[in-house]
Amino acid sequence: MQFLYGQSGRIDGRVYDANNNEPLPFTNIVIWGTSIGTTSDLDGNFKFTGLEPGYLRLAATSVGYEAYISEDILVTNAKVAYIEIAMKEKAIQLEEVVVKASPFRKPEESPVSMRTLDISEIEKNPGGNRDISKVIQSLPGVSSTVSFRNDVIVRGGGASENSFYLDDVEIPTINHFSTQGASGGPIGIINVDFIREVDYYSGAFPASKGTTLSSTFLFKMLEPNKDKMNFRATLGATDLGLSLNGPVSKNSGLLFSVRRSYLGFLFDALGLPFLPTYNDLQFKYKININQKNEISFIGLGAIDQFELNTGLKDPDESQRFLLNALPINEQWSYTFGVVYKHFRKNGFDTWVVSRNYLDNRAYKYYNNIETDSLKTFDYISSEAENKARFEHTSRVNGFKINYGAGINYARYTNKTFQRIYDTSSTTINYNSGLDVFSWNAFGQLSKSVFKERLTLSLGLRMDANNYSKSMTNMLDQLSPRFSASYALTEKFSLNFNTGRYFQRPAYTTLGFRSNDNELVNKDNGLKYLSSDHIVGGVEFLPNDKSKFTVEGFYKFYRDYPFSVNDSVTLANKGGDFGTVGNEEVLSIGKGRAYGFEILAREKDIKGFNIILSYTFVRSEFQDLSGKYIASAWDNKHILNITVLKKLKRNWDIGAKWRFVGGPPYTPYDIAKSSIRSAWDVQNAPYLDYSMFNTLRFENYHQLDVRVDKQYYFNKWSLILYVDIQNVYNFKSVGQDYLTNLDEEGNLNIDPATANLPYDQQKYILRRLQNESATILPTLGIIVEF
């Protein structure tokens, strides 16, 4: 075995027993794919020096423990990389059982529908611009909406069916300018500087990870450096950022970052009709109290401001439409959590206490003239959650045991003034306050049998809250799940999962009130949403750098909130800005999503890192007559091909091609939209829900490329990249705009009705083509010191 000293990069680390945090001395650690290695000391500590800068992995082996391959580690001259390696004890010790280390992990609870994104794949993802929210749209089963949004649409599910965790702390949203009641937004909040990997579950959800119907994302942060404080400054496509990473004391360390966008300045210079600005903050402060106790403080916050560019000179027709239709929106949010871990002889306890808050405000005046008589919309809402969760994990006699419980106290407020039109102009005006207390319990038992060829896992979860009688009984939300994985050979395995999952309706739906201040949806017997999953697949690992999987899935939805006004389920909403769910609904919606996924990953085929994924998916929900109708997320075909290549002299290149089948959409109700008193209420057309999703957009595809160049100096590093989205300038055609103005910008009133009373007048509406086509180049600069 070869040892290197006295050159450039350095890694410090610690290897320990994952079950009890005890150090593992004499563990062999090597640079994966090389013969460069070292051995841990009596305290489990190890060190590599003289390493070539760049991304690498470590492989660790220890007697009595399963072999381990780490996530990607970025080595530079500017800092000492630090990693902690958790080793899992072998359940049995038989010579004929060979367990090989693999970078492709498969938890006992989730042998199917679980993928991991490495930091190198996130950092260098073409078209991703170091935005995790955009990068995850390249994962199998994940669809996307328009190019400027990061909605998370998984296997045909709605935009609100996802949950997110940052180092065990649940975060309600991962995007700036988020859609309240859903998950989307244009730009991610999480700073990629501090993320080491992302675990993505599109099914087979662990019982401990909350209520979700379509996906769970676990964002795992770096451990703070122990050597010295390091700094990183970034200039990206949309913002400026500064982060620090290093020790605070002998036993504690800090990650901290702030970012501010320059989009308002950029959009104004480009002559766009809206001017967004966002700011965010993220931190992690970890204290190693002693070998058996540690505590982390996690924080994430954002301030989002949005204003209209009313000073725009000579706006064109599309710009005038957007200026008249878009409301002014402001948001601020934060999540703060404390994670305490206590290690025992055969396991550990995790205590998580957190608070998250969202303040969402929006308003609109007719023709943007800010006087009370012309106000059409005024919305002020807040959501505050205070959560506590206990979780115990242990391994006893080959069993993995996980159980726990949680509570949540939430406060929701909503003050809404909105002019609407049904058969005549009327007003919604209510002030809602709502306190909701929730509780849950969960447990999961996993075991490998038949010489570890067969792995079984059985989980159970129950949730309830005090909102109404239809939600207070935990047995009504009994959520079982079962997984099995059988290794046919060393390289082939069959995997399966089935489960019933529940999700609480959004606070916007719980807190909706009528003008007489009644909780309408409570009176309507609102229930938890539920979905039954069946997933099965085959996995082939030809070597330690390749993985091929095929999975089939079926999801059946019941008790989905069904809009009384529009006669569609809320699953079809949430793909636009604003708020979703603040309306009267009935828990009668049923739906289904089914299809299959193919994934091929080659981490090193002649120096190329290749990820290919194809998803066939159908997503359908019933109308009032029980007929299945394609949902807004019925893309049918999703194909992603990502190719990355490391070149000599610290150059990297990459390309990503994405194909998304055209989703269905609903035509406008021209008759209703042309009524002047109806149009003036919202300055935009109305959809014809009697023709719901009867039309379909054209297919969409896009090629993104990226080139990186790294300069590693003695005490600092410089990273430059060029990212070009939509290289061949594909033109995406959306639903036409309708305008009530003539070509000169004047009201286009039908002459035949011009002399009639106001509520009998009609507009002559004109169509404006809604086509987005632009090549978007970005220069990024990262300085680390």
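Figure 1. Strands count as paired if DSSP finds at least two bridges between them. Ala-59 stands opposite Ile-69 of strand 7. Strands (E, at least two residues) and helices (H or I, at least four) are DSSP runs, numbered from the N terminus. The model is predicted: local features need pLDDT of at least 70, side-chain atom pairs count only at pLDDT 80 or more, and totals for chains, interfaces and linings use all residues. Residues are numbered from 1 along each chain as its sequence is written, and side-chain values use heavy atoms, with hydrogens and water left out.

**Figure 2. Strands 20, 21 and 22 pair in the antiparallel sense.** Strand 20 (residues 239-249) pairs with strand 21 (residues 252-261) over 10 bridges. A hairpin of two residues joins strand 20 to strand 21. Pro-247 stands opposite Gly-253 of strand 21. Strand 21 is also joined to strand 22, by nine bridges. Here Phe-256 has Phe-283 in strand 22 as its bridge partner.

**Figure 3. Helix 4 carries a run of buried residues.** Helix 4 spans residues 317-325. Its buried residues are Gln-319, Arg-320, Phe-321, Leu-322, Leu-323 and Asn-324. Buried means under 20% relative accessible area, exposed over 50%, and partly exposed in between (1.4 Å probe, protein chains only). An α-helix has 3.6 residues a turn, so residues three or four places apart point the same way. The cover over the buried residues includes strand 22 (274-290), strand 23 (293-308), strand 25 (347-365) and strand 44 (737-739). At the start of helix 4, a side-chain oxygen of Asp-316 comes to within 3.2 Å of the backbone nitrogen of Ser-318.

**Figure 4. Asn-324 is a buried residue of helix 4.** Asn-324 has 14% relative accessibility, so it counts as buried. Contact means heavy atoms within 4.5 Å. Beyond its neighbours within four places in sequence, Asn-324 is in contact with Lys-364, Asn-367, Asn-368, Asn-683 and Leu-741.

**Figure 5. Asp-708 is buried in strand 41.** Strand 41 covers residues 700-712. The relative accessible area of Asp-708 is 2%. The side chain of Asp-708 makes a polar contact with the side chain of Arg-706, at 2.8 Å. A polar contact is a pair of N or O atoms within 3.5 Å; within protein, one must be able to donate a hydrogen and the other to accept it, and residues adjacent in sequence count only if both atoms are side-chain atoms. Leaving aside neighbours within four places in sequence, Asp-708 is in contact with Lys-124, Asn-650, Trp-651, Asp-652, Leu-720 and Tyr-721. Lys-124 is 584 residues from Asp-708 along the chain, and their C-alpha atoms are separated by 7.8 Å.

**Figure 6. Lys-292 and Glu-22 form a salt bridge.** Side chains of opposite charge can pair when their charged atoms come close. The rule for a salt bridge is a side-chain nitrogen of Lys or Arg within 4 Å of a carboxyl oxygen of Asp or Glu. The count by this rule comes to 59. In this pair the closest N and O atoms are 3.1 Å apart. Lys-292 is partly exposed, at 23% relative accessibility. Glu-22 is partly exposed too, at 30%.

**Figure 7. Further salt bridges include two pairs and a network.** Lys-88 and Glu-108 have their closest N and O atoms 3.5 Å apart. Both residues lie in the loop between strand 9 (81-87) and strand 10 (114-118), 20 residues apart. Lys-88 is partly exposed at 25%, whereas Glu-108 is buried at 14%. Glu-539 and Lys-547 meet at 3.7 Å, N to O. Glu-539 is buried, at 8% relative accessible area, and Lys-547 is buried at 7%. A network of salt bridges links Arg-57, Asp-72, Asp-118, Glu-121, Arg-601 and Lys-603.
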